[in-house]
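Here's a quick walk through the charge pairs and the surface of this model. Have the structure open as you read.

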Amino acid sequence: MTQQGAALQTYNNELVKCIEELCFKRDELNRQIQQEEEEKSRLQHDIRILTEKLSRVNESLARRLAARADFDRTIAETEAAYMKILESSQTLLSVLKKEAGNLGKATEPRGKDH
């Protein structure tokens, strides 16, 4: 019976040791889970902040793109109008030179023809 009692004591000691090891591993796993939950929380917070920032940047970018499109349109319209002014000025100058030439001929003395 003493031998059986010793064997039982040995099994008991091993069981207690195994249970303690399992508890230690569980505690370690709980610590890791807690760390990862904290990291997850921080990451979710960062994502929320970055998403809000991205939204503000997108809104600002949209306004700036619209403003640039307005600038482009205004510049194109102004350049087109300016080209029309240049063409009109060139036409006016040609007409004026032609008229000046005709006036010059009309004021020449007739004596040269005879």
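## Salt bridges

A salt bridge here is a side-chain nitrogen of Lys or Arg within 4 Å of a carboxyl oxygen of Asp or Glu. This is a predicted model, so local features need pLDDT of at least 70 and side-chain atom pairs count only at pLDDT 80 or more, while totals for chains, interfaces and linings use all residues. Residues are numbered from 1 along each chain as its sequence is written, and side-chain values use heavy atoms, with hydrogens and water left out.

The structure has 4 salt bridges. R31 pairs with E28, their closest N and O atoms being 2.3 Å apart. Both sit in helix α1, 3 residues apart, about one turn of the helix. (Helices are DSSP runs of H or I, at least four residues, numbered from the N terminus.) D27 and R26 also meet in a salt bridge, at 3.5 Å from N to O.

Further along, R73 bridges to E77, with closest N and O atoms 3.7 Å apart. These two are 4 residues apart in helix α1, again about one turn. Shared partners link D70, R73 and E77 into one network.

## Exposure and span

R31 is partly exposed at 38% relative accessibility, and E28 is partly exposed at 28%. K98, also in helix α1, counts as exposed at 58%. Buried means under 20% relative accessible area, exposed over 50%, and partly exposed in between (1.4 Å probe, protein chains only).
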